[in-house]
Amino acid sequence: MHMGQSIDIKQLQYWDAKIRDKVEEFGLSTVAQEFELCDHEQMLSYMAYHGMPSHYPHWSYGKSFERLKTLYDHGAAGLPYEMVINADPCLAYLMRKNSPCLQILTIAHVYGHNDFFMNNFTFRATQPDQVASRFKARADRVRDYVEDPSIGLARVEAVLDAAHALSLQCSRNLAVRKRDRGEQLQQAIAAARPPADPFHRIHKPPDYDEPDLDRQPLEPEEDILLFIRDHNPRLSAWEKDLLTIVHEEALYFIPQMQTKIMNEGWASYWHWEIMNALALPQDLHLEFLVRHNQVVRPIPGDINPYHLGFRIWRHIREKAGESGGGRSAKGDRGIMFEVRESDRDTSFLRRFLTKDLVRELGLFQYAPKDGQLVATRVADDEGWREIKETLIRAVGTGGVPVIQVVDADHEQRGGLLLRHDHDGRDLHLGYAEKTLGYLYRLWGRRVVLETVVEGEACLLKSDDGGFATESDT
């Protein structure tokens with residue numbers, strides 16, 4: 001079989017069985033794996049709908065499909081070799097036109113993703129055995145609202161538009177349990193209680209303030225869609241349900257965003273190990289080397305998660321081998337399995353992106369100057385740490401600002417008060433205007449956001465009069 005030849009189902013089943021044997025031999029832990037062959041239009045559709053076979057309708061998905069198709073038709077963009085869905089059973093789409101070698105490589109790659117999804121801690125809350133049924137149930141509910149004469153498409157899409165803009169304004173660490181209001185009340189009372197008086201005199205210190213136990217929220221709230229759902233009495237039941245649907249689907253995708261480098265690097269590492277262990281015919285092995293290098297090559301001016309992740313996983317393996325093996329029955333791969341389970345991209349990079357790796361990978365930091373991009377940090381003894389920290393802040397959900405609701409009825413500022421957790425990066429005011437407009441649409445009253453712009457405290461406001469900014473000094 002050579003590049004350009006097709007591969008039949010029996011051959012795919014043969015190689016799948018061979019790969020599963022290696023998966024078991026290497027100690028990967030997976031759920032049942034299903035594959036679906038598709039053509040380029042089907043793959044474009046799955047990409048537009050984020051890979052889910054059942055998804056609620058919205059105009060943005062059609063727009064995404066047309067954009068992807070136009071780029072593909074004009075040769076401006078290609079298609080992925082595969083797409084893998086975090087579910088049980090795990091589902092992967094394979095491009096029908098891929099060469100035999102590429103199909104085999106892709107199947108091996110998919111099993112790496114399967115293992116990662118089922119074992120990394122960030123995915124534990126996704127309940128993979130219920131993913132497909134839940135997506136379908138949500139899609140059915142949205143279609144019911146669209147077809148309801150009293151609601152209709154326009155009203156549904158208006159709510160979805162606003163909810164999509166705010167969907168990532170939620171808790172980023174799904175492993176942390178949120179305290180309920182009863183626990184928050186106890187904490188507020190305990191924090192405000194005056195210290196014990198050693199002389200047993202009953203008095204109230206002059207700086208003691210009674211906690212406002214009726215305030216909403218008692219402590220800053222990151223799950224903005226859920227807060228609006230629970231505290232805006234003007235919303236109807238179907239509008240609240242739409243906010244719930246968008247929030248729940250965001251929680252499904254956040255772990256994938258937070259582990260992109262680890263996940264793609266892990267799958268690339270294991271397709272490398274498996275393919276080299278399969279004793280492929282020479283022509284397939286040579287093509288595999290070409291394909292693998294295409295996948296994990298660096299991209300000038302950008303970060304290729306396959307490249308960065310693969311190099312770091314190999315570095316972990318090599319260091320474990322030099323130190324005499326890992327800390328489990330899996331030998332010098334033991335530490336890899338531990339890291340795969342316990343980390344996400346931020347901690348992964350912080351722990352394992354060393355100065356030597358930063359130099360070997362040729363990483364540097366750049367910024368626009370006089371109409372051109374100019375390197376501002378290189379991987380010398382001082383600069384490599386800043387390069388590393390800049391990368392850590394940008395990966396996963398790091399590019400999404402942290403916004404919290406702090407007061408739902410702020411007397412001085414009016415309406416809904418939010419606070420931006422400013423980390424040195426200012427908000428893009430154009431995006432802020434659009435997002436606050438959507439927030440105002442859902443809340444129905446004035447919204448105010450505290451932030452910092454060019455080093456100065458600032459208030460961003462949205463109400464009937466539109467968007468405005470003013471100093472908060």
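Angles under 35 degrees count as roughly parallel, over 145 as roughly antiparallel, 65 to 115 as roughly perpendicular and the rest as oblique. The views below show a predicted model, in which local features need pLDDT of at least 70 and side-chain atom pairs count only at pLDDT 80 or more, while totals for chains, interfaces and linings use all residues. Residues are numbered from 1 along each chain as its sequence is written, and side-chain values use heavy atoms, with hydrogens and water left out.

**View 1. Packing of helix 8 on helix 17.** Helix 8 (residues 224-231) packs against helix 17 (residues 429-443) at an angle of about 25°, the axes being 10 Å apart. The two helices are therefore roughly parallel to each other. Ile224, Leu225, Phe227, Ile228 and His231 of helix 8 meet Leu439, Leu442 and Trp443 of helix 17. Contact means heavy atoms within 4.5 Å. Helices (H or I, at least four residues) and strands (E, at least two) are DSSP runs, numbered from the N terminus. Axes are lines fitted to C-alpha atoms, for helices over the stretch in contact, and angles run from 0 to 180 degrees between N-to-C directions.

View 2. Leu416 belongs to strand 7 (residues 416-420). Because its relative accessibility is 0%, Leu416 counts as buried (under 20% relative accessible area; exposed is over 50%, partly exposed in between; 1.4 Å probe, protein chains only). Beyond residues up to four places away in sequence, Leu416 touches residues including Phe227, Leu439 and Trp443. Arg445 is 29 residues away from Leu416 in sequence, with a C-alpha to C-alpha distance of 7.4 Å.

View 3. Three strands in the order 1-3-2 make up an open sheet with mixed pairing; strands pair if DSSP finds at least two bridges between them. Strand 1 (33-38) and strand 2 (82-85) are the edge strands, each pairing on one side only. Strand 2 pairs with strand 3 (residues 90-95) in the antiparallel sense over four bridges. Val84 stands opposite Ala92 of strand 3. Helix 4 (residues 100-119) packs on the sheet and touches strand 1, strand 2 and strand 3, its direction making about 25° with that of strand 2.

**View 4. Helix 12 and its cover.** Among the buried residues of helix 12 are Pro305, Leu308, Phe310, Trp313 and Ile316. Their cover includes helix 10 (260-277), helix 11 (282-295) and helix 16 (383-394).
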